[in-house]
Amino acid sequence: MERFDSFSGFIQPFASETPQAPALFTATQEEMSYESLARALRHGREAFADLGISKSVCVALVMESDPEIAVMLPLLLDAACCAPLNPAYTQDEFLRYLRELPADVLLVAAKGNPAAEEAATRLEIPVIRLARQKGGDNWDFTFSAPDKPIFIKQSYGRGSAPEAVPSLLLHTSGTTARPKLVSHSLNSILRSAVHLAEVFSLRPSDRCLCVTPFFHAKAVIGIWPASLVSGASVIIAGRFEPQEALGLLQELKATWYTAASSVHQALLGQIKATEGFSHCLRFIRTCAAQTPLPLVADLEATLGVPCVEAYGMTETCARATSNPLPPGLRKPGSAGLPINCEIRIMASDGAVLPPC
């Protein structure tokens, strides 16, 4: 089985062959090309080496859903052990999760996060600030730390084989119990991204409207990686507001988006209230809890594109099953077919049951 060992290995060919092709768009419609992304990743790896950050270092990433976090994710997944945390956590929650990881470094945006930084200080965890250099297509970043070089612990797999070291530590949503910590290797993240791209036939002309926070599996190991390995682009909507999200969908010509029922319902209401609404969508995807079938039917009737029901968990790299795109057979109410995995239905006593 082929192994995948870096995001840069996927990104660099697009940066070389179509350097000005867009990789991401911001909520203010700034554009970052694949060439700029590849350069930012290259400079970031050099900066991390100077700071002593390596694959055995766990970096807690606390940022809003801005372009900075989108660039930091592939960089950290390639170069370190990345642990995205919800920036809205309280100081007590940061204390608990930073201990649980355990985090060796805290990385925040230039504006900082007082609750996270205070928690890191109490735990004697170094804090590094990220700042974007302004101007034109300059997407280079600078990293500032209190002392340079700073002392950084190495909590994960020091001296271990690279494939044994986790690249991502991510908490589950805690839908049924207290959030659990899940680890993924870089190979499993990239392999999952390739499979998702194949299921949805993603290509460089595709553009996803991302309304999902970048500490959630759907964005971290779903939308963004699948787009990067396809040479496609992502619109980072930031905090979800139906009117603003719909404006981005129209103006930047999104070809797909994925969301839970509540977001679909909010966007659908906004669409129906928008006179002369038009779009470039190729499909939309539902996830999280099952989407009510009347909502699926309403979305398809209003937008004229397939609404693809899918299912995934943090533990399965945000993908497990999906209905196929047309002309494949879609079954309303079904989570779909397995995505490069085996699935069994089991009774409470462990007996394997036939398909429903």
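A word on classes before we start: Ala, Val, Leu, Ile, Met, Phe, Trp, Tyr, Cys and Pro count as nonpolar, Asp, Glu, Lys and Arg as charged, and the others, Gly among them, as polar. Keep in mind that this is a predicted model.

Q: How many cavities of 30 Å³ or more are found in the whole structure?
A: Rolling a probe the size of a water molecule over the atoms shows where empty space is left. With a cut-off of 30 Å³ or more, the search of the whole structure gives a count of two.

Q: How do the residues lining the largest cavity divide by class?
A: The largest cavity, about 60 Å³ in volume, is lined by L196, F200, L202, K218, G222, I223, A226, W256 and R285. Lys and Arg count as charged and Gly as polar. The lining therefore divides into six nonpolar, one polar and two charged residues.

Q: Which helix gives the most to the lining of the largest cavity?
A: Among the lining residues are K218, G222, I223 and A226. The top contributor spans residues 217-228 and gives four residues: helix α7.

Q: Which element gives the most to the lining of the second largest cavity?
A: This cavity has a volume of about 40 Å³, and its lining is A40, H43, G44, M72, L75, F141 and F143. Two or more residues come from each of α2 (34-51), α3 (67-79) and β7 (141-144). With three residues, the one that gives the most is α2.

Q: How many charged residues are in the lining of the second largest cavity?
A: By class, five residues of this lining are nonpolar and two are polar. The number of charged residues is given as no charged residues.

Notes. Residues are numbered from 1 along each chain as its sequence is written. This is a predicted model: local features need pLDDT of at least 70, side-chain atom pairs count only at pLDDT 80 or more; totals for chains, interfaces and linings use all residues. Side-chain values use heavy atoms; hydrogens and water are left out. On a 1 Å grid over the protein atoms alone, a cavity is a set of points where a 1.4 Å probe fits but cannot get out, and a pocket is an open set with protein on both sides within 12 Å along at least five of seven lines; lining residues have an atom within 4 Å of a point. Grid points are joined across faces, edges and corners, and a volume is the space filled by probe spheres set on the points.
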